[in-house]
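Subject: A structure for you to look through

Hi there,

Here is the structure I promised to pass on to you. Have it open while you read, and my notes on what I found follow below.

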Amino acid sequence: MNAENLLTPVPARVGKALTHQCYICRVELMKAPRISPETLLVLNRFMERRTAWRYGYELSRETGLKSGTLYPILMRLEKYQLLEAAWVATEEGVPPRHTYRLTPNGLEFARAKLAEARPRAMVRQPAFSNG
């Protein structure tokens with residue numbers, strides 16, 4: 001359908017005063033995902049090798065996160081289109097493995113969130129003194 005068709009009058013129906021065709025769409029902006037310290041840890045690992053595909057098991061070993069924590073983070077980041085996922089067959093008889101990498105939006109998002117988190121991580125609580 002072209003733009004010209006959207007604006008051309010449609011014959012009125014009997015009993016109704018419909019004179020124009022109308023296209024209505026709903027645009028929903030996706031909110032940013034919740035950023036936990038564990039999510040920042042995962043994003044930091046992706047930033048080390050920005051364009052590389054990463055296996056969940058590899059990320060689990062590097063971050064120390066258990067699968068029950070890691071995989072929901074990966075699925076949430078994929079849902080918000082910050083990660084792309086692909087299945088990769090490795091060997092005959094071995095099930096395919098799910099791999100992940102940052103999307104261009106994910107790269108920008110990770111840079112921004114990690115930059116925000118750095119100043120907070122450097123703030124230290126004063127030690128109690130004996131004086």
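Before we start, one definition: contact here means that heavy atoms lie within 4.5 Å of each other. With that in hand, we can say that the buried residues of α3 pack against α2, β1, α4 and β3. Those buried residues of helix α3, which covers residues 56-63, are G56, E58, L59, S60 and T63. Just after α3 comes G64, with a positive phi of about 80°. Please keep in mind that this is a predicted model.

**The overall layout**

The chain contains five helices and three strands. If you read along the sequence, they follow the pattern α-α-β-α-α-β-β-α. Of the 131 residues in the chain, 23% are buried. Among contacts with a separation of 6 or more, 52% are between residues 24 or more positions apart.

**The sheet**

In what order do the three strands sit in the sheet? The order is β1-β3-β2, in an open sheet with antiparallel pairing. β1 (54-55) and β2 are the edge strands, and each of them pairs on one side only.

Strand β3 (residues 97-102) pairs with β2 in the antiparallel sense, over six bridges. Within this pairing you can look for A85, which stands opposite Y100 in β3, and for V88, which stands opposite R97 in β3. On the other pairing, β1 and β3 run antiparallel and are joined by two bridges. Here R54 stands opposite Y100 in β3.

Now turn to helix α2 (residues 37-48) and α4, whose axes come within 10 Å and cross at roughly 70°. Angles of 65 to 115 degrees count as roughly perpendicular, and therefore α2 and α4 are roughly perpendicular to each other. On the α2 side the contact is made by E38, T39, V42, L43 and F46, and on the α4 side by T69, L70, I73, L74, R76 and L77. Sorted by type, the residues of this contact are seven nonpolar, two polar and two charged.

**The nonpolar core**

Which residues touch the most other members of the largest nonpolar core? They are V42, F46, L74, L77 and L83, in a core of 19 residues. At least two residues of this core come from each of α2, α4, β3 and α5 (104-122). α2 gives the most, with five residues.

Leaving aside residues up to four places away in sequence, L77 touches P33, T39, V42, L43, L82 and L83.

**Neighbours in a loop**

The loop between α4 (67-79) and β2 (83-88) holds L82, and Q81 lies in that loop between α4 and β2 as well. Is each of them buried or exposed? L82 has a relative accessible area of 7%, so L82 is buried, because buried means under 20%. Q81 has a relative accessible area of 52%, so Q81 is exposed, because exposed means over 50%.

L82 touches P33, L77, R101, L102, T103, N105, G106 and F109, again not counting residues up to four places away in sequence. L82 and L43 are 39 residues apart in sequence, with 9.9 Å between their C-alpha atoms.

Q81 has something else to show you. Most residues other than glycine have a negative phi. The phi of Q81 is near 60°, a positive value in a residue other than glycine.

**One more loop**

Finally, find R34 in the loop between α1 (3-7) and α2. R34 counts as exposed, at 56% relative accessibility. R34 touches T39 and R76, not counting residues up to four places away in sequence. R34 and L77 are 43 residues apart along the chain, and 9.5 Å separates their C-alpha atoms.

Happy exploring, and write back with any questions!

Best wishes

Terms used:
Residues are numbered from 1 along each chain as its sequence is written. This is a predicted model: local features need pLDDT of at least 70, side-chain atom pairs count only at pLDDT 80 or more; totals for chains, interfaces and linings use all residues. Side-chain values use heavy atoms; hydrogens and water are left out. Helices (H or I, at least four residues) and strands (E, at least two) are DSSP runs, numbered from the N terminus. Buried means under 20% relative accessible area, exposed over 50%, partly exposed in between (1.4 Å probe, protein chains only). Axes are lines fitted to C-alpha atoms, for helices over the stretch in contact, and angles run from 0 to 180 degrees between N-to-C directions. Angles under 35 degrees count as roughly parallel, over 145 as roughly antiparallel, 65 to 115 as roughly perpendicular and the rest as oblique. Ala, Val, Leu, Ile, Met, Phe, Trp, Tyr, Cys and Pro count as nonpolar, Asp, Glu, Lys and Arg as charged, and the others, Gly among them, as polar. Two strands pair if DSSP finds at least two bridges between them. A nonpolar core is a set of buried Ala, Val, Leu, Ile, Met, Phe, Trp, Tyr and Cys residues joined through side-chain atoms within 4.5 Å.
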